[in-house]
Amino acid sequence: MSAPDADRPEAAPTPDDPLRPVLRRALRDMLALVVAVGVVGTVVGLVIAGSSGLWGALIGVAVTLVFSGTTVVSVLRTTRSSATTTAGVVLGAWLGKMLLLMVVLAVLADRDFYDRRVLVGVLVVGALGSALLDYRAVAKGRVPYSAPGT
């Protein structure tokens, strides 16, 4: 006979966490979007502005990946935490992203190896596309309002 629940860890994973599949779908779709925007952006950047367009697209893809992925990963990692912990992690990630963006923009301000138009275009397409994909994942996700038996 086994000992009572004393041997079980306190935060044992729940097998049917309904939020995790929604967040995994949002992350998977966002990664596919970033790859697609990266491929199309680099080709368009090369055609429009040569190697500076390529660099603008690559920088835009990197920033899009960091910005779009950080929030989804933050929430995914804290699904079993309290709402306060999740909010703290998401806020901390947002503040980190803003600081990183300011540093990147300050470093790139006087550089001319990249095309600013391509960078902004990739960022806009990536940000809007990611927001739409997140919305779609949440709208189509099946997450109950309350847990059964509570």
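Analyst: The expected span of a helix is 1.5 Å times one less than its number of residues. This structure is a predicted model, in which local features need pLDDT of at least 70, side-chain atom pairs count only at pLDDT 80 or more, and totals for chains, interfaces and linings use all residues. Residues are numbered from 1 along each chain as its sequence is written, and side-chain values use heavy atoms, with hydrogens and water left out.

User: How many helices and strands does the chain have?

Analyst: There are 4 helices and 0 strands, and the pattern read along the sequence is α-α-α-α. Helices (H or I, at least four residues) and strands (E, at least two) are DSSP runs, numbered from the N terminus.

User: How do you know what span the 31 residues of H1 should have, and what is the distance between its end C-alpha atoms?

Analyst: At 1.5 Å a residue, H1 should span 45 Å, and its end C-alpha atoms are 43 Å apart, which agrees. Just after H1, Gly 50 has a positive phi of about 70°. For H4, with 25 residues, the reach from first C-alpha to last is 36 Å, close to the 36 Å expected.

User: What is the average pLDDT of the chain, and over which residues does pLDDT stay under 50?

Analyst: pLDDT is the predictor's confidence in each residue, from 0 to 100. The chain averages 85, and 83% of the residues score at least 70. Over residues 5-13 the score stays under 50, and the model has 1 contact for them beyond four places in sequence; contact means heavy atoms within 4.5 Å. Where pLDDT is low, the predicted coordinates should not be read in detail.

User: Why is Met 30 called buried?

Analyst: Met 30 has 1% relative accessibility, so this residue counts as buried. The classes are buried (under 20% relative accessible area), exposed (over 50%) and partly exposed (in between), with a 1.4 Å probe and protein chains only. Met 30 sits in helix H1. Apart from neighbours within four places in sequence, its contacts are Leu 65, Ser 68, Gly 69, Ser 130 and Leu 133. Of the 150 residues of the chain, 29% count as buried.

User: What makes Ser 68 buried or exposed?

Analyst: Ser 68, in helix H2, has 10% relative accessibility and therefore counts as buried.

User: Which side chains does the polar contact of 3.2 Å join?

Analyst: This contact joins the side chains of Ser 68 and Ser 130. A polar contact is a pair of N or O atoms within 3.5 Å; within protein, one must be able to donate a hydrogen and the other to accept it, and residues adjacent in sequence count only if both atoms are side-chain atoms.

User: Which residues touch the most other members of the largest nonpolar core?

Analyst: In this core of 16 residues, they are Leu 27 and Val 122. Helices H1 (19-49), H2 (51-77) and H4 (116-140) each give two or more residues, and H1 gives the largest share, 8 residues. A second, separate core has 5 residues, including Val 63, Leu 108, Tyr 114 and Leu 119. The name nonpolar core is given to a set of buried Ala, Val, Leu, Ile, Met, Phe, Trp, Tyr and Cys residues joined through side-chain atoms within 4.5 Å.

User: What do the buried residues of H4 pack against?

Analyst: They pack against H1 and H2. Among them are Val 118, Leu 119, Val 122 and Ser 130.

User: Why is the pair of Trp 55 and Phe 113 called edge-to-face?

Analyst: Rings of Phe, Tyr and Trp (its six-membered ring) pair if their centres lie within 6.5 Å; planes under 30 degrees apart count as stacked, over 60 as edge-to-face and the rest as tilted. By this rule there are 2 aromatic pairs. The ring centres of Trp 55 and Phe 113 are 6.0 Å apart and the planes stand at 80°, so the pair is edge-to-face. Trp 55 lies in H2 and Phe 113 in the loop between H3 (83-108) and H4, so the pair ties together parts 58 residues apart in sequence. Phe 113 also pairs edge-to-face with Tyr 114, at 5.4 Å centre to centre and 65° between the planes. Trp 55, Phe 113 and Tyr 114 form one aromatic cluster.

User: What is the relative accessible area of Trp 55, of Phe 113 and of Tyr 114?

Analyst: Trp 55 has 43% and is therefore partly exposed. Phe 113, at 37%, is also partly exposed. Tyr 114 has 7%, so this residue is buried.
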